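Subject: Structure handover

Hello,

Below is the structure I said I would pass on. My notes on it follow, grouped by topic.

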Amino acid sequence: MASSNGEEKKQSEAGRHQEVGHKSLLQSDALYQYILETSVYPREPEPMKELREITAKHPWNIMTTSADEGQFLNMLLKLINAKNTMEIGVYTGYSLLATALALPDDGKILAMDINRENYELGRPTLEKAGVAHKVDFREGPALPFLDELVKDEKNHGSFDFIFVDADKDNYLNYHERLLQLVKVGGVIGYDNTLWNGSVVAPDDAPLRKYVMYYREFVLKLNKALAVDPRIEICMLPVGDGITLCRRIK
């Protein structure tokens, strides 16, 4: 009986993150749990913990930014002294909250998502944290909004940081526009650039349909970023992979 209970415990621990949008590329869930319990959860601001738990109950919680990536973004924004930022793809707003908490009181986030309902799920937490005033939320596809921004030259080079976690088939379209909007020395972060680890999977691998479909767009993005002379890049295995692009010209 003890052996059976022990096996059930192992299975439970192995799958414990699946319910909260687990995206770690680490081979060991135990190692990921160590990172979370040692350095992420003890330092996670209470509003972020609250929103993470709210999001965990949502049927599409796999879409959320992982807690370790949220901590990374929060630290990065402070390191670069970001003030004017943009986020494409908000979902319930965990990464949005991580950003808002890192910005000064007069900092701004232009946030875009096609689904206001998901954003409204997290908005009370933003308000409770006292950072909702930093967020300018726009509902709808991002490309038309970006095109409007690009038309006005005063927006060129006006953003310190831009985070993209949205439709992978538009990442390259976003990239061309965002390079005009982020300042020289500013940073663009593209999420999911390792895409469930599928970027190294054989073409005939038995992948889920949506993983296989977007895999091709992620591969094209990664190849394009690697040779783009306008940026410096750093691909990190945090969450589902994030590529940071620093505009240099």
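**Two asparagines in loops**

Asparagine 196 is found in the loop between strand E5 (182–191) and helix H9 (209–227). Please keep in mind while reading that this is a predicted model. Asparagine 196 is not a glycine, yet its phi is positive, at about 60°. With a relative accessible area of 45%, asparagine 196 counts as partly exposed.

Is asparagine 81 buried or exposed? Its relative accessible area is 64%, and asparagine 81 is therefore exposed.

**Helix H3 and what covers it**

Helix H3 spans residues 46–56, and its buried residues are Met48, Leu51, Arg52 and Thr55. These residues lie on the same side of H3, because they cover an arc of only 105° around the axis. What covers the buried residues of H3? The cover includes helix H4 (67–79), helix H5 (94–102) and helix H6 (116–128).

Helix H4 contains leucine 76. Leucine 76 counts as buried, at 11% relative accessibility. Leaving aside residues up to four places away in sequence, leucine 76 touches Phe161 and Leu244. As for leucine 178, 102 residues separate it from leucine 76 in sequence, and the distance between the two in space is 19 Å, C-alpha to C-alpha.

Leu26, Leu31, Tyr34 and Ile35 make a nonpolar surface patch of about 350 Å². Of these residues, leucine 31 lies in helix H2, which covers residues 29–40. Leucine 31 is partly exposed, and its relative accessible area is 43%.

**Salt bridges**

How many salt bridges does the structure hold? The number is 16. Side chains of opposite charge can pair when their charged atoms come close. Some of the pairs are described here.

One of the salt bridges is formed by the side chains of aspartate 106 and lysine 83, at 2.8 Å from N to O. Aspartate 106 lies in the loop between H5 and strand E2 (108–113), while lysine 83 lies in the loop between H4 and strand E1 (84–88), so the pair ties together parts that are 23 residues apart in sequence. Both partners have some accessible area: aspartate 106 is partly exposed at 44% relative accessibility, and lysine 83 is partly exposed at 39%.

In another salt bridge, the side chains of aspartate 228 and arginine 230 meet at 2.9 Å, N to O. Here aspartate 228 counts as buried, at 10% relative accessibility, whereas arginine 230 counts as partly exposed, at 26%.

Arginine 246 and glutamate 232 also form a salt bridge, with their closest N and O atoms 3.0 Å apart. This pair links distant parts of the chain, 14 residues apart: arginine 246 is in strand E7 (residues 242–247) and glutamate 232 is in strand E6 (residues 231–236). Arginine 246 is partly exposed, with 38% relative accessibility. Glutamate 232 is partly exposed as well, with a relative accessible area of 41%.

**Cysteines**

A disulfide is a covalent bond between the sulfur atoms of two cysteines. For the count, a pair of cysteine sulfur atoms has to be within 2.5 Å. By this rule there are zero disulfides. Cysteine 234 is in no disulfide, as the nearest cysteine sulfur, that of cysteine 245, is 9.8 Å away.

Cysteine 234 is partly exposed, with a relative accessible area of 38%, whereas cysteine 245 is buried, with a relative accessible area of 1%.

Regards

Notes. Residues are numbered from 1 along each chain as its sequence is written. This is a predicted model: local features need pLDDT of at least 70, side-chain atom pairs count only at pLDDT 80 or more; totals for chains, interfaces and linings use all residues. Side-chain values use heavy atoms; hydrogens and water are left out. Buried means under 20% relative accessible area, exposed over 50%, partly exposed in between (1.4 Å probe, protein chains only). Helices (H or I, at least four residues) and strands (E, at least two) are DSSP runs, numbered from the N terminus. The arc is that of the directions from the helix axis to the C-beta atoms. Contact means heavy atoms within 4.5 Å. Patches are made of residues with over 30% relative accessible area and no salt bridge: like charges are joined within 9 Å, nonpolar side chains (Val, Leu, Ile, Met, Phe, Trp, Tyr) within 5 Å. Accessible areas come from the Shrake-Rupley method with a 1.4 Å probe; for residues, only the protein chains shown count as cover. A salt bridge is a side-chain nitrogen of Lys or Arg within 4 Å of a carboxyl oxygen of Asp or Glu.
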